[in-house]
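Morning, everyone. I have one structure to go through, and I will stay with the ligand site.

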Amino acid sequence: MVDTPGRIPEDFIQSLLSRVDIVEVINAAVPLRKAGTNYVACCPFHNEKTPSFSVNKNKQFYHCFGCGVSGDAIQFLIEHNSLSFVEAVELLAGQLGMQMPQSGQSEPSADHNLIYNILAEATAFFEQQLRQQTLAKQAVQYLKDRGLTGITAKAFRLGFAPPGWDNLLTSIAKDPKQKELGVKAGLFVNREGNKFYDRFRNRIIFPIRNRRGKVIGFGGRIIGSTSDEPKYLNSPETPVFSKSHELYGYYEARQAIARSNSVLVVEGYMDVVSLVQAGITNVVATLGTACTEQHVQYLFKTVPEIIFCFDGDAAGKKAAWRSLEICLSLLDDQHRVKFLILRDNEDPDSYVRKYGAAALQVEMKQAASLPDFLFTTMAKQVDLDHIDGRVQFATQIKQYLAKLPEGILKTMLFDRLAQLVNVDPALFHGKKPRAMQRRNEFSQSIISKALVSPAIRALALLITYRELAADLATDIFSLVSIDIFGCNLFCAVAEILKASPTITDAEIKALLPEALRENFVVMDLRGIAHIVPKQGVREEFLGAIEILRRRKKELVMDDLLLKAKQNVLTDADKLLLQQMLQEKG
Ligand code: UTP
Ligand code: MN
């Protein structure tokens, strides 16, 4: 069978690429670190010690400044996982739950069945090994020390991969075909062409089942707490296993989830197992990756409420915020999302063992709703007693709320925001604010947009407090044409005032280009300026300009990344881009 891109319709590929998240795809293979708006890592395609491999989420594209490789998510899988084009597309389509167009199907599902079979054999092998008292003694003791009963171990089909390089291999893969299949299933690692060894060695095995109960992969935990090896080793992505799609414990919990109308999402295998044993059975875990849109979409199909439970450490809080961002666009009026951050660095497992299941259930009942979590987290970061703090708060929250699907919740939350920052709710609903209804269209929009546009704030202050012109650095004239409301007007006025600070309002107006002239509504601008307390004027002014500068940088960076994608970066561009990425990182 010839394997060419042409066999899959272009529009299918485009729609796949528009849904896929390259950051997740790459992060599954090469752990990425966030650096500004991009993600970076040491390049997987050449040897290096400092990261020059950069992934841009907005552009859905990667580029290495060291060796020059670049491409989209499909290209990455082709290069990194040595897949064919069709295989890469199939893998992504599978993860996204997209049906491949008929002609593109190169692997019959019979192949999947073979993989399920070998995984089932491996599961039985690991289970049986855990019962071989002599070899598994330490593993069994470890599980007992952690309070797990034999019944729980059985329910989750826990197992043991003995020490040694080929226990599983010699037991279930006698011929080369089985070995190859085992590699595909993630059980064996292929070395030097025809040598194979067990991926999981001397680890407690947590089989991961799909929604129909078939084992699709494994998590393997080291025994005890000290080791040079990673604590958990997971199956790689395979044709039947995708971390961004699957949830540990879903199969075991499905009835409890349906019964309780709610699901608790935790981070670890042990959290799931331990909570179920303690009687909290509607629980699942993400598989060492962040929660994805697919996870949430899937859970929302069966249950109206998700409660995320995270450890109280910095990583837990970060993960909570990421989940919030994922959930926003899916949170319609029929669904609820709550957040529970455990105190004192406990994780759900240690929490129930210390305080009991009832205490955790109380915490779950009191978990913060997504809107409460959003508002309180943001409020902690700003000073709501001052106008600039309130502007910042409103601006940021507004961006988050905008992502919610249209509905009652969204409307109510915008009203709540308006109340908190003490402005007319109509500002956020795109209606005319009552107090301004008699003014002309533009001045009305100037006033409402001043709440969110730093350019209008800077302009208002500059017009009112002319001495600020002395603070204007020349670089601000380059801020022209940024996509922020009022920026061109601000730049034009700034340029005039920098040259002649004592000029009158009327003269400024006369000097402005015609296109900007009618937008120059001095009375309204002064009104806005007077909202700012006198002692805060300079700080507010410089702060607003700083926001414009930052936006300008982002735009320059986007432009450079686009050029990188099209392979048209000059040497000077490359240098600039690298500098900017470093600055951010
Ligand atoms: P934790 O470190 O919180 O693990 O990682 P845990 O479940 O509390 O582990 P115990 O209690 O020490 O046994 C949470 C999850 O992150 C993934 C695993 O899925 C783990 O359950 N993880 C963690 C890995 O994939 N690899 C690691 O090395 C560590
Ligand atoms: Mn734990």
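Predicted model: local features only at pLDDT ≥ 70, side-chain atom pairs only at ≥ 80, totals over all residues.

Residues are numbered from 1 along each chain as its sequence is written, chains are lettered from A and ligands numbered from 1 in written order, and side-chain values use heavy atoms, without hydrogens and water.

Ligand 1 has 13 residues around it, counted when a heavy atom lies within 4 Å. Arg-146, Arg-221, Lys-231, Tyr-232 and Asn-234 come nearest.

Which domains supply this shell? Domain 2 (107–234) and domain 3 (250–376) both do, so the ligand lies between them; the bounds come from an automatic or database domain assignment.

Now the polar contacts, meaning N or O pairs within 3.5 Å. An oxygen atom of ligand 1 is 2.7 Å from a side-chain N or O atom of Asn-234. On the backbone side, a ligand oxygen is 3.1 Å from a polar atom of Tyr-269, and one is 3.4 Å from a polar atom of Gly-288.

Conventions:
Polar contact = N/O pair within 3.5 Å; in protein donor to acceptor, adjacent residues only side chain to side chain.
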